[in-house]
Structures are given as C-alpha cells and as structure tokens.
Amino acid sequence: MTAPLLEIEDLAVDATGSAGTVRILDGVSIGLGEGETLGVVGESGSGKSTLAAAIPRLLGPGLAISAGRMRLAGEDVMAMTPARLRRMRGAEVATILQDPLHSLTPWLRIGTQVAEPAVVHDRLSWKAAQARALDLLRGVWIPEPERRLRSYPHEMSGGMRQRVAGAVALSCAPRLLIADEPTTALDPTIQLQYLDLLKSLQREHGFALILITHDLGVVARTCQRVGVMYGGRFVEIGTTAEVMERPRHPYTRGLIASMPRLRSAGSRSDRLAIIPGQPPVPGQMPPGCRFHPRCAQRFEPCDRDSPPAFDLGSDRRVACWLERAFGT
C-alpha cells in the first residue's frame, strides 16, 4: 500500500433506540493509501453505508461511534472539533450518495449547488465559483454545461444527476472521495460510462477512492483492493486480483460464485449459485463466526468463537477459522 491517507482501527458504531443499543459496525480496521482505490462489497445490511457515513463522522440520528480510532493524513478524526469537521467535510473528504435525486436540493439550480462548496471552503467569489462549476460540469461530461448551470435536478436524467453529484463532490479537490453505490440506479451502459468517468477523474485529480457496492464486477473493473463485509465486520481484505482469483473466506467464494456468467449455447445449467439463508440482523448476531449458520464448511469452533483476522502477508487478511486449521 502507498503512504497512508486513511487509517481505521477497531472502529465500532452503535445504534440506540427504544429497544436499546445494538452494534452495527464491530472492530472494523482498514487502511487506504494516497490515490488508491478500495472497493467495499457485501450484501445489504452488512454495514457498508454505515462505514461510509462514519468516516467523515456524518452518522444519522441514533448512531454513534463507540470505539476505535480514525486518522486522516495523520490527524485524529475523533479529536476534531465541530469547526474542524466542517472544514474537513467537502474540502478533504467528499461523498457521492446512492440517489442524487435526494442528495441534490430540488429547489436550487445546479450551478448554485456545484459552486457553493468553493464559496464555503475555498472562499471564492460567487463569479469565480460559478466559473469553477462550469469547468466541473464539463469535466464530468455534462452536455451543454452553460445551460445546465441554470437547470434544476428534476430536469436532468438519472445519469446526469449522478455526474452532477460527482461535480459537487470534486468542487474543492478532496483527497478522499467516498462513492456509496453510485451506479445502482443507472442502467448497465450508463454504469460503465460512470465508472470510466470516476477513474478518469481520479487520474486527473489524484484523490483516493472508496467505492461501496454490492457488485463484484464493478470492483473487478475499478478497484486495486477490496474489503468484503459481513455482519458489520470485514471478513476478507486483499488486492482485487488475489481476492477474485483465490478467495479464502467461504462468504467471498459464495459471492463470486453467485455472479452472473455468460454460458455457451447448450449449457446444461442456467441457474445461479446462491448463498443459503439470510444475513444476520444487528442485535441478533449468532455466536462465534457470524457467517457460520450459512457456511457449508463450518466446523466445531465456528459456532462458539469469533475468528480473528488472520494476517496472510501482503496486506491480505481473512477472518475464518479455516485459515488456522487448514491454511486454505
């Protein structure tokens, strides 16, 4: 890994409500280098979006970081004052949310929304910020950008709104961009275009990228490293090539096996592989390994003891008892 930009150690996030307190993220540790791309994958409810919100400390009501450490370029994120956090958000860490129709303000023109971060963080005049907004819209491939500065979000297609969300995020040249399922609402052709755009912008601006997705195909196309989440924890972390070609955790193997594949004419099977059962619900986690009720390879310690993250070298970690027993 390159020089560390983001370091997260044993991060825990709790949700508090009428039923009490439940743990959403539990012992999450991950690092990210300058200019690096990390994919975070897992089923819905695994904790991916909670992690995305925890990094800039933008957790919603009832959610709070209860343990762990985070450092951004060597600075303790947990010790940042509210004023320092406001400067960090947008200027150093920016987020592209899954649904731009809801993340963009419906009654503000596009030019206002793209220009505003530059006024707030970089103290540009409104005229200079509008000029930057125009350049950003050109940079994210918005056609007729001069006209689109005066448009409202509802006047644009889903793909264009997603690109505008990217322009807002890049307005102050952040060092880290978090993209939370940015292609989910796009059709396949536009998805590929958007991923190519993200990589092009990353080469141009040099930011590090955390790409959160449930699609391993997106990770294979875009990311240098991947972390697989299950039940609020990372169960496998490594380079994308290593994880895709030689997955070590049974859950990772199940995700890869369930990916759609083109089959030759006359193929005997057109059924997708599935992972039996359902992901665990926060507050109702099984004892031991959280994946063991769904795992065909479970054995005696799995239902009793939670596996540590075994270090396999070269920044590869797997939280599975099979590693200690058989070195699979």
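The dialogue that follows concerns a predicted model.

Q: What secondary structure does the protein chain have?
A: The protein chain comes to 12 helices and 12 strands.

Q: How is the radius of gyration of the protein chain to be read?
A: The value is set beside the one for a compact globule: with 328 residues, such a globule would have a radius of gyration near 20 Å, and the 21 Å of the protein chain agrees with this. Along the principal axes, the C-alpha trace spans about 65 × 55 × 40 Å. Buried residues make up 47% of the 328 residues.

Q: How are two packed helices described?
A: The description uses the angle between their axes and the distance between the axes. Here, the axes of helix α4 (residues 110-121) and helix α5 (residues 126-139) come within 8 Å and cross at roughly 115 degrees. The crossing of α4 with α5 is right-handed. Among the residues that make the contact are Ile110, Val114 and Ala118 of α4, together with Trp126, Ala133 and Leu137 of α5. The contact of α4 with α5 involves 10 nonpolar, 3 polar and 2 charged residues.

Q: How many disulfides does the structure hold?
A: A disulfide requires two cysteine sulfur atoms within 2.5 Å. The structure holds 0 disulfides.

Q: Is cysteine 295 buried or exposed?
A: Cysteine 295 counts as buried because its relative accessibility is 7%, and buried means under 20%. Cysteine 172 is also buried, with a relative accessible area of 8%.

How values were computed: Residues are numbered from 1 along each chain as its sequence is written. This is a predicted model: local features need pLDDT of at least 70, side-chain atom pairs count only at pLDDT 80 or more; totals for chains, interfaces and linings use all residues. Side-chain values use heavy atoms; hydrogens and water are left out. Buried means under 20% relative accessible area, exposed over 50%, partly exposed in between (1.4 Å probe, protein chains only). Axes are lines fitted to C-alpha atoms, for helices over the stretch in contact, and angles run from 0 to 180 degrees between N-to-C directions. Helices (H or I, at least four residues) and strands (E, at least two) are DSSP runs, numbered from the N terminus. A crossing is left-handed if the near helix is turned anticlockwise from the far one by less than a right angle, and right-handed if clockwise. Contact means heavy atoms within 4.5 Å. Ala, Val, Leu, Ile, Met, Phe, Trp, Tyr, Cys and Pro count as nonpolar, Asp, Glu, Lys and Arg as charged, and the others, Gly among them, as polar. The radius of gyration is taken over C-alpha atoms; the globule rule is 2.2 Å times the number of residues to the power 0.38.
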